[in-house]
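This report walks through one protein model, from its sheet to its helices. Keep the sequence and structure at hand.

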Amino acid sequence: MKIEKEILNSPNLDVACEKAVSYLKNLHQRYSWVGIYLLEGNMLSLKTYIGRPTPHNKIPIDKGICGAAVRENQTIIVPDVKSDPRYLACSIETQSEIVVPIRKRGKVVGEIDIDSGYPDAFKAEDRALLEKIAELLGKK
Ligand code: SME
């Protein structure tokens, strides 16, 4: 996988995150917003993204789907954001979302967040790919 080499050969985590976001955004039309948040204390901070600007550049870990993925240390798929009370809206067009933790030595250090304008856009294959990319980012 070319992206695997690109991430592993990146000079640092910032560049690796940019490569990953660019790769994922171009991969599927249904990935309408792709971003990476890094954990700084109890706050998630948006490192890089492609898509419309979001009001949520910083998210405390007790808020949002993003915060829940950190607290639970697991991937969260929300097939219908309107029916999830945890959801923090980024764009009115978003219908579904996936958040995948990035771990270093088992501890969450950040996450990949993808929004889709389609309902129920994220399946097992999306999850497997994103967990693989997150694992590679965790090595940087
Ligand atoms: N929807 C996220 C917030 C981030 S925006 O989608 C970019 C959440 O509920 O945590």
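Which residue of β6 does Val100 stand opposite? Val100 stands opposite Ile112 in β6.

## Basis of the model

This is a predicted model, in which local features need pLDDT of at least 70 and side-chain atom pairs count only at pLDDT 80 or more, while totals for chains, interfaces and linings use all residues. Residues are numbered from 1 along each chain as its sequence is written, and side-chain values use heavy atoms, with hydrogens and water left out.

## Overall build

The protein has 4 helices and 6 strands. Helices here are DSSP runs of H or I with at least four residues; strands are runs of E with at least two; both are numbered from the N terminus. The order from the N terminus is α-α-β-β-β-α-β-β-β-α. The radius of gyration is 14 Å, close to the 14 Å that the globule rule gives for 140 residues, so the protein is as compact as a globular protein of that length. That radius is taken over C-alpha atoms, and the rule is 2.2 Å times the number of residues to the power 0.38.

Along the principal axes, the C-alpha atoms fill a box of roughly 40 × 35 × 25 Å. Of the 140 residues, 46% are buried. Buried means under 20% relative accessible area, exposed means over 50%, and partly exposed lies in between (1.4 Å probe, protein chains only). Contacts (heavy atoms within 4.5 Å) between residues at least 6 apart in sequence include 49% that join residues at least 24 apart.

## The sheet

The strands form an open sheet of 6, in the order β3-β2-β1-β6-β5-β4, with antiparallel pairing. β3 and β4 stand at the edges with a single partner strand each, so one side of each has no neighbour in the sheet. On average, neighbouring strands are turned by 25° against each other, direction ignored. Axes are lines fitted to C-alpha atoms, for helices over the stretch in contact, and angles run from 0 to 180 degrees between N-to-C directions. Two strands pair if DSSP finds at least two bridges between them.

Take the pairings in turn. β2 and β3 (residues 58-60) are antiparallel over 3 bridges. Here Met43 faces Pro60 in β3. β1 (residues 33-40) and β2 (residues 43-50) are joined by 7 bridges, and Ile36 stands opposite Thr48 in β2. β1 also pairs with β6, antiparallel, over 6 bridges. In β6, Ile114 is the bridge partner of Val34, and Ile112 stands opposite Ile36. β5 and β6 run antiparallel, joined by 9 bridges. β6 is mostly covered, with 8 of its 10 residues buried.

## Turns and positive phi

Two hairpins deserve a look. The hairpin of β1 and β2 has 2 residues between the strands, and Gly41 takes a positive phi near 65° there. The hairpin of β5 and β6 also has 2 residues between the strands, with Arg105 at a positive phi near 45°. Arg105 is not a glycine. Its loop lies between β5 (96-104) and β6 (107-116). Arg105 is exposed, with a relative accessible area of 82%.

Asn73 is another residue other than glycine with a positive phi, near 50°. Asn73 sits in the loop between α3 (64-72) and β4 (76-78). Its relative accessibility is 31%, so Asn73 counts as partly exposed.

## Helices on the sheet

α3 lies across β1, β2, β3, β4, β5 and β6, at about 35° to β5. α4 (residues 124-137) lies across β1, β4, β5 and β6, running at about 30° to β5.

α4 has 14 residues and reaches 20 Å from its first C-alpha to its last, close to the 20 Å expected at 1.5 Å a residue. That expected span is 1.5 Å times one less than the number of residues. Which residues of α4 are buried? They are Asp126, Leu129, Leu130, Ile133, Ala134, Leu136 and Leu137. They cover an arc of only 160° around the axis, which puts them on the same side of α4. The arc is that of the directions from the helix axis to the C-beta atoms. An α-helix has 3.6 residues a turn, so residues three or four places apart point the same way. The cover over the buried residues of α4 includes α1 (2-8), α2 (13-27), β1, β5 and β6.
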